[in-house]
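Trainee: Could you please take me closely through the surroundings of the ligand and the parts of the fold that form them?

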Amino acid sequence: MGRMEGQIALVTGGASGLGTGIAKRFTEEGAIVTITDIQTEKGQEVADELGATFLQHNVAEESDWESVIASVLDAHGRLDTLVNNAGIFNNFPIDEMPLEEWQRVIDVNLTGVFLGCKHGVAALKKNPGGTGGSIINISSVTGLRGQIGGAAYSASKGGVHILTKSVAVETAALKIRCNSIHPGIIDTPIMDPAFAAAPDPAAMRAHIEGYLPVGYMGDAAHDIGNMAVFLASDDSTYITGSAMLVDGGMIAGLPT
Ligand SMILES: NC(=O)c1ccc[n+]([C@@H]2O[C@H](COP(=O)([O-])OP(=O)(O)OC[C@H]3O[C@@H](n4cnc5c(N)ncnc54)[C@H](O)[C@@H]3O)[C@@H](O)[C@H]2O)c1
């Protein structure tokens, strides 16, 4: 028996990186998984590989959330676990950040998670027998501290951190749990533009690995997927409103 046997799970941003890793671990643990993404071709490919279902979905659009949740409930009659994972990154000095760039990141990373919590809670409330369920929001170490050039990103992830706690206290009596995961640096395509822009991408990778206390970047499925399985499973029924750091020691202390 898997740790999520028969659970109905929905993972946003499942076409790439952490979303694919989390969906992979969920299917391995026996869950019936739907992944969503704006990338349709890649999303369908990943779903086919994992034996999951793919739905096209822009997390910043409320009408998309309505149709995605309706589609999952039509197909399965319930939703047990929602992972609000889809996210984007940008990098501008604060005095050069165009308003549109600020808004674009807030729309996807924070409003997208708000919409997921809103429609996810409404669905979990309807589960037969009042069994509730688990909402897992992907924040970041940058949701706990600042980042040079990352004003929009860190504000969005800090928003997700505290939004998670509000949802948790509001829904705890309904057996709905809501927690955030704060990854450090995980090797996914979100890093590609930064590596591409670097004068020496290999040197940049070595620099990052050098300041991580564990000495390497995390793995989407093993490091983040396993934490998501824990938060989705009955192993974590007393945990809600928590911020789970999975960062290889990145913010435990300043590098010397
Ligand atoms: N990789 C890291 O080091 C790291 C660290 C901390 C937090 N995170 C967070 O993890 C999450 C996943 O990031 P990743 O590293 O896997 O990046 P990624 O770029 O590999 O994957 C993100 C996915 O989200 C999808 N997406 C983007 N905008 C969307 C939208 N509007 N609606 C639906 N889907 C959309 C993309 O198409 C992509 O498939 C993000 O929230 C990111 O901020 C990543």
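**The ligand and its surroundings**

Mentor: The shell around the ligand holds 28 residues, of which S16, L18, D37, Y153 and T188 are the closest; a residue belongs here if one of its heavy atoms lies within 4 Å of the molecule. This is a predicted model, in which local features need pLDDT of at least 70 and side-chain atom pairs count only at pLDDT 80 or more, while totals for chains, interfaces and linings use all residues. Residues are numbered from 1 along each chain as its sequence is written, and side-chain values use heavy atoms, with hydrogens and water left out.

By class, the shell comprises 14 nonpolar, 12 polar and 2 charged residues. Here Ala, Val, Leu, Ile, Met, Phe, Trp, Tyr, Cys and Pro are nonpolar, Asp, Glu, Lys and Arg are charged, and the others, Gly among them, are polar.

A ligand nitrogen lies 3.0 Å from a polar backbone atom of V59, and a ligand nitrogen lies 3.4 Å from one of H57. At I186, a backbone N or O atom is 2.8 Å from a ligand oxygen. Taken alone, the ligand exposes 820 Å², and the protein buries 94% of that, by the Shrake-Rupley method with a 1.4 Å probe.

The elements giving two or more residues to the shell are α1 (17–28) and α5 (151–171); helices (H or I, at least four residues) and strands (E, at least two) are DSSP runs, numbered from the N terminus.

Notes. Polar contact = N/O pair within 3.5 Å; in protein donor to acceptor, adjacent residues only side chain to side chain.
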